[in-house]
Amino acid sequence: MNFLRLQRPRNDGADPSGSGDPNDPRRLRRNPLVWIAVLGAIVLYTQYEGGGLLGTENKGVRRIDQIHDVGGPFELTDHNGRAVTAESFYGQYMLVYFGYTWCPDVCPVEVLVMGHVIEILGTVGEQVQPLFITVDPTRDTVSTLAKYAENFHPRLLALTGREDQVAAAAAAYRVYYGKGEVANSPDDYLIDHTDYMYLMGPDGAFLEVFPHGMRPAEVARSIGQYL
Ligand code: NI
């Protein structure tokens, strides 16, 4: 009490702590600007820890992330020959990637990344169904996809369908694909395609998109926020 009484006369109004000492902790506690700074830091830190900042700052994510109508119904066949629709996966998160098995470079890397992401997530990753949807239904038959899927995560499902079914699924996900020049035989061509990975919620709603080149740990951290 003596201490406070002694200090009080030195309070000229500019120092809310009344101590006159800029390092006095009471002065910091009472300064609203300090509180705003601390709250801001906590928010930033929480977002960073959750991958939120990394997720939105990564190339292209924010731009694509602003599209909220990605996804929708589809009717396809999985690599076990079972008919599946978007509703088949309701209740689970879907990690969706469109590609084709003949793709020499990007697709296999991204499908590997999907598998690593599931592994990193551990038991919570069981809520996530990795899906590979072909944009090349002519060559990617059920049996071709079955052989392809074997090389990746055991829970990966590879989906194909009629050309119109694949086109409808790709359109729902805003995926572009186009056949390149046919080379030596009718079966020898590349397909140019969008290579984003989409996270969809248990109700099928779009949650997040991951561009090609993100590390599995980054993707897992972002997905982990939702699980
Ligand atoms: Ni590809």
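User: Is Cys 103 buried or exposed?
Analyst: In this predicted model, local features need pLDDT of at least 70 and side-chain atom pairs count only at pLDDT 80 or more, whereas totals for chains, interfaces and linings use all residues. Residues are numbered from 1 along each chain as its sequence is written, and side-chain values use heavy atoms, leaving out hydrogens and water. Cys 103 has a relative accessible area of 8%. With a 1.4 Å probe and protein chains only, under 20% is buried, over 50% exposed and in between partly exposed, so Cys 103 is buried.

User: Which residues coordinate the nickel ion?
Analyst: Donors are N, O and S atoms within 2.8 Å of the metal (3.2 Å for Na, K and Ca); water is not among the atoms, so sites may look incomplete. For the nickel ion, the donors lie at 2.1 to 2.3 Å and follow the spacing C-x3-C-x85-H along the chain.

User: Where do the buried residues of α7 pack?
Analyst: Helices (H or I, at least four residues) and strands (E, at least two) are DSSP runs numbered from the N terminus. In α7 (residues 142-150), Leu 145, Tyr 148 and Ala 149 are buried. Seen down the axis, they fall within an arc of 95°, so they line one face of the helix. Through contacts of heavy atoms within 4.5 Å, the buried residues of α7 pack against α6 (106-121), β4 (128-134) and β5 (157-160).

User: Which exposed residues does α7 carry on the face turned away from its buried side?
Analyst: The buried side of α7 holds Leu 145, Tyr 148 and Ala 149. On the face turned away from it, the exposed residues are Lys 147 and Glu 150.

User: What arc do the buried residues of α8 cover?
Analyst: In α8, Gln 165, Val 166, Ala 169, Ala 170 and Ala 172 are buried. They lie on the same side of α8, because the arc that they cover around the axis is only 160°.

User: What is the phi of Arg 174?
Analyst: Arg 174 sits in the loop between α8 (163-172) and β6 (177-179). At 44% relative accessibility, this residue counts as partly exposed. Although Arg 174 is not a glycine, its phi is positive, at about 55°.

Conventions
The arc is that of the directions from the helix axis to the C-beta atoms.
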